[in-house]
Amino acid sequence: MKLLSGAIAAVDHGGSLGRASALFPHAPKPFVDLSTGINPHSYPLFDLPATALSRLPEAGQLRELAEIAASAYGAPSAAHVAAAPGTQILLPRVASLVRPGKALVLGPTYAEHARAAAIAGHAVAEVSDFDALGEADLAVLVNPNNPDGRLIEKARLLDLAARLRAKSGLLVVDEAFMDVGPIEQSLAGDVGAGGIVVLRSFGKFFGLAGVRLGFALTDQLTAERLDAQLGPWAVAGPALEYGIRALSDAGWQEDMRVRLASDAKRLDALLGKSGVPISGGTSLFRYVSFNDSPSLFSALGERGVLVRHFAERLHVLRIGLPGSEAEWQRLEGALATWAAWRKDAPKEFGQ
């Protein structure tokens, strides 16, 4: 168990081109940003009605969005859905659903969960053993996990939820990447039993992170409580428009899952050709863990290809998907240059 005494401190994340420019000032621009795990093939943009910007959002639109989200994600009904301007803003509110106690986060994972639990007043620790979560008042995990793609089976999650519910605890399952995961393992359809909050992110799979839209799927009373905390007009007009249209577009979603799976296989082949071992991931990103990761991160960055590194785990990287043929070619060239350099200097890399 790893105690997180400084968990309220701000967390560094991928996707900052400002930090990338400071770290690699001589890299060719623009960067190929593979650091976020966000779909590079975004849902098609469309012309918004002027009222999406000129008027306050209508309550009827929010209800429509909740109905569509419940159908798309498999929640029991719209009454089990709380919509928000991104899942990030929900994290401390969800953590506050349980009175301050022991919060355990299954890690390593997305660091904002621990920070949110600390903000809510919990004593926070990171655990690596799933079974240890049963000791928590607030248990949090990401499924599939970010950054390694680890998946916990639904049956185990439901058993944990029942144990926590018996002592008025709460299980929070962040399913930000379940759009490309095995959907049969989602807990979205089981939230009506209580004691469970499932978080779903809109921006990652639909490639529209800037829209800021996310959902908490939970029992009806908890959904009402979250809605009340967020207040009126929490979801902006443009987010409502994009959420309603994209979540309704089942054909686009299915086609995109096929495309992302194909792109992930292409990335696997490219990494394998360069001698980069793949340790996990989803079809939106690959996770690599090996001793030469620091040199790979630097070599790619110097050539304008940004991947996700982790300050506390220097041997691991998360690598997202290129969005165009030109980006694929830049990644391939950077990997080839690194692989040749690594081959010529084996002693430097501890081989």
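This is a predicted model: local features need pLDDT of at least 70, side-chain atom pairs count only at pLDDT 80 or more; totals for chains, interfaces and linings use all residues.
Empty space inside the model was examined first. Rolling a probe the size of a water molecule over the atoms shows where empty space is left. The structure holds 1 cavity of 30 Å³ or more, and the volume of the largest cavity is about 70 Å³. Its lining is made up of L91, V94, A95, H113, A116, A117, L138, V140, V172 and L199. Three elements each contribute at least two residues to this lining, namely the helices α4 (91-95) and α5 (112-119) and the strand β6 (138-142).

Open space was considered next. The second largest pocket has a volume of about 430 Å³. A total of 22 residues line this pocket, and those nearest its centre are A59, L62, R63, V81 and D227. At least two lining residues come from each of α3 (59-73), β3 (81-84) and α8 (220-230). Of these elements, α3 supplies the largest share of the lining, with 5 residues. The lining of the second largest pocket consists of 16 nonpolar, 1 polar and 5 charged residues.

The helix α8, which contributes to the lining of the second largest pocket, was then examined along its length and around its axis. At the start of α8, the backbone nitrogen of L221 has a side-chain oxygen of D219 within 3.3 Å. Within the helix, the residues T222, A223, L226 and L230 are buried. These four residues lie on the same side of α8 because they cover an arc of only 100° around the axis. An α-helix has 3.6 residues a turn, so residues three or four places apart point the same way. The cover over the buried residues of α8 includes β3, α4 and β9 (214-217). Among these covering elements, β3 also supplies lining residues to the second largest pocket, whereas α4 supplies lining residues to the largest cavity. On the other side of α8, by contrast, L221 and A228 are exposed. Just after the helix, G231 adopts a positive phi of about 80°.

Methods. Residues are numbered from 1 along each chain as its sequence is written. Side-chain values use heavy atoms; hydrogens and water are left out. On a 1 Å grid over the protein atoms alone, a cavity is a set of points where a 1.4 Å probe fits but cannot get out, and a pocket is an open set with protein on both sides within 12 Å along at least five of seven lines; lining residues have an atom within 4 Å of a point. Grid points are joined across faces, edges and corners, and a volume is the space filled by probe spheres set on the points. Ala, Val, Leu, Ile, Met, Phe, Trp, Tyr, Cys and Pro count as nonpolar, Asp, Glu, Lys and Arg as charged, and the others, Gly among them, as polar. Buried means under 20% relative accessible area, exposed over 50%, partly exposed in between (1.4 Å probe, protein chains only). The arc is that of the directions from the helix axis to the C-beta atoms. Contact means heavy atoms within 4.5 Å. A polar contact is a pair of N or O atoms within 3.5 Å; within protein, one must be able to donate a hydrogen and the other to accept it, and residues adjacent in sequence count only if both atoms are side-chain atoms.
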